[in-house]
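Reader: I am new to this structure. Can we go through its features one by one, with the general idea ahead of each case?

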Amino acid sequence: LWYHKPVVNEELLQSLPNLKIVASSGVGIDHLDLKLLSRYGVKVSNTPFVVSSDTADLGMALLLASSRRLVEGYQMAVSPNTEYFPADWLGAEVSGATLGIVGMGSIGYKVAERAKAFEMKILYHNRNRRNKEEEDAVGAVYCKKIDHLLQQSDFVLLSVTLTPQTHKLIGKRELELMKPTATLINVSRGLVVDQDALVEALQNKVIKAAALDVTYPEPLPRDHPLLKLQNVIITPHIGTATKKTRRLMMENMIESIQAGLAGLPIPHEVL
């Protein structure tokens, strides 16, 4: 599967009685019904590890672009109507700011490694706490409750898997817990955020800004209010979009397919 296509449903499975494995690109498997696939005896694989560095890079890129208002700055610099650069046109500092990472898996941890180089204070919330050595390596402080992270962070970065538990994890209540000067960054899945609540929060200055690589749907309708807000940056789901990583993803998928067809252990099986 590439870009979640074709759709794997009962009709497809019934039409493919000899199907042994579904190899899906990327980390997320929210587009697959694992119970249904298991019922048909079909194994599932994904490509979780090769995508981490590029997605973490993009997370930091979105953080920096939003904080320093790069898109707005570019538009000002190239506009035929610009006669001078206003001295009071300011962004937010990154060095020394507090970054809250929701989801400290392989991507979240790599974001923390990058944020450490910017001398950021790092908080994280995760289902399972990292061990002390891993925390110390990046200077990360564990928040058992997501509320504590939201209340303290200047930047909140989402890197969780989409599950029933994380569906609209960030809604009206959570956004209101954030600082009015805070920025929300999402490199996971659009449905992790209640988009209507986010629009309202951005319009009413409940939070300062958002930087999103993911939305729902993708792309957004051209008249969607998120596309009209100056304090939003949206990119077209490009966390893994580098030549090297896309090639490695395909190689991972092929390895899993070959192993599945040969009856061997599948390197990246989703259990």
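Author: Start with helix axes. They are lines fitted to C-alpha atoms, for helices over the stretch in contact, and angles run from 0 to 180 degrees between N-to-C directions. Helices (H or I, at least four residues) and strands (E, at least two) are DSSP runs, numbered from the N terminus. This is a predicted model: local features need pLDDT of at least 70, side-chain atom pairs count only at pLDDT 80 or more, and totals for chains, interfaces and linings use all residues. Residues are numbered from 1 along each chain as its sequence is written, and side-chain values use heavy atoms, with hydrogens and water left out.

Reader: At what angle do helix H3 and helix H5 pack?

Author: At about 50°, with their axes 8 Å apart. H3 covers residues 52–67 and H5 covers residues 106–117.

Reader: Why are H3 and H5 called oblique to each other?

Author: Angles under 35 degrees count as roughly parallel, over 145 as roughly antiparallel, 65 to 115 as roughly perpendicular and the rest as oblique. The angle of about 50° therefore makes H3 and H5 oblique. Contact means heavy atoms within 4.5 Å. Among the residues making it are Ser52 and Met60 of H3, and Ile107 and Ala115 of H5.

Reader: Is serine 159 buried or exposed?

Author: Buried means under 20% relative accessible area, exposed over 50%, partly exposed in between (1.4 Å probe, protein chains only). Serine 159 has 14%, so it is buried. Its place is in the loop between strand E6 (155–158) and helix H8 (172–177). Not counting residues up to four places away in sequence, serine 159 touches residues including Ile107 and Val187.

Reader: Which backbone oxygen lies 2.6 Å from a polar atom of the side chain of serine 159?

Author: That of glycine 103.

Reader: And lysine 228: buried or exposed?

Author: Exposed, because its relative accessible area is 56%. Lysine 228 lies in the loop between strand E8 (209–212) and strand E9 (232–234). The backbone oxygen of aspartate 223 is 3.0 Å from a polar atom of the lysine 228 side chain.

Reader: How many aromatic pairs does a search of the whole structure find?

Author: One. Tyrosine 124 and tyrosine 142 form this tilted pair, 5.2 Å centre to centre, with 55° between the planes. Rings of Phe, Tyr and Trp (its six-membered ring) pair if their centres lie within 6.5 Å; planes under 30 degrees apart count as stacked, over 60 as edge-to-face and the rest as tilted. Tyrosine 124 is buried, with a relative accessible area of 0%.

Note on methods. Polar contact = N/O pair within 3.5 Å; in protein donor to acceptor, adjacent residues only side chain to side chain.
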